[in-house]
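Biologist: Can you walk me through this one? Start with the terms, please.

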Amino acid sequence: MDTDKIITSIMAKPWANTYSLLKAIGASSAVIDETWRDYRRKYMRSQRWQDVRTKALERSCRACEQCGKRQEDGYKLDVHHLTYIRLGGEQMEDVQVLCYLCHGQMHYRRRVRQDAPE
Ligand SMILES: [Zn+2]
Ligand SMILES: [Zn+2]
């Protein structure tokens, strides 16, 4: 069985689907971790993610959805994932626009792994 080929083809789907397919073919947790890192890296460069980001920034009127700091005042805005469950097939409520200050606090508070996506 060519696991690499299978993994490449299932990476075209949202992460939740990819994850259950990996489970279904009996992939080890090391393979799942590796695929997750790869999936995330590729997804963050995808057109779909760019579109989700743009939509979120428009929704927020380019201001932090937590504290209201505005991009036009020089605050860098990030689009943060409230959940990764639908990564690759996000709903708009899965993401939140945050300034870098609120974003930093959010990850500190939640102790999200350092390599977690935005
Ligand atoms: Zn903020
Ligand atoms: Zn984040």
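Modeller: Axes are lines fitted to C-alpha atoms, for helices over the stretch in contact, and angles run from 0 to 180 degrees between N-to-C directions. Helices (H or I, at least four residues) and strands (E, at least two) are DSSP runs, numbered from the N terminus. This is a predicted model: local features need pLDDT of at least 70, side-chain atom pairs pLDDT 80 or more, while totals for chains, interfaces and linings use all residues. Residues are numbered from 1 along each chain as written, and chains are lettered from A and ligands numbered from 1 in written order.

Biologist: At what angle do H2 and H3 pack?

Modeller: About 160°, with the axes of H2 (residues 15-24) and H3 (residues 29-43) 11 Å apart. H2 and H3 are therefore roughly antiparallel (an angle over 145 degrees).

Biologist: Which residues make the contact?

Modeller: Trp 15, Thr 18 and Leu 22 from H2; Val 31, Ile 32, Thr 35 and Tyr 39 from H3. Contact means C-beta atoms, placed from the backbone, within 7 Å.

Biologist: Which residues of H2 are buried?

Modeller: Trp 15, Thr 18 and Leu 22. Buried means 20 or more other C-beta atoms within 10 Å of the residue's own; exposed means 12 or fewer.

Biologist: What's on the face turned away?

Modeller: Exposed Ser 20, Lys 23 and Ala 24.

Biologist: New topic. What pattern does the chain follow?

Modeller: α-α-α-α-β-β-α along the sequence. That is 5 helices and 2 strands.

Notes:
Angles under 35 degrees count as roughly parallel, over 145 as roughly antiparallel, 65 to 115 as roughly perpendicular and the rest as oblique. Two residues are in contact if their C-beta atoms, placed from the backbone, lie within 7 Å.
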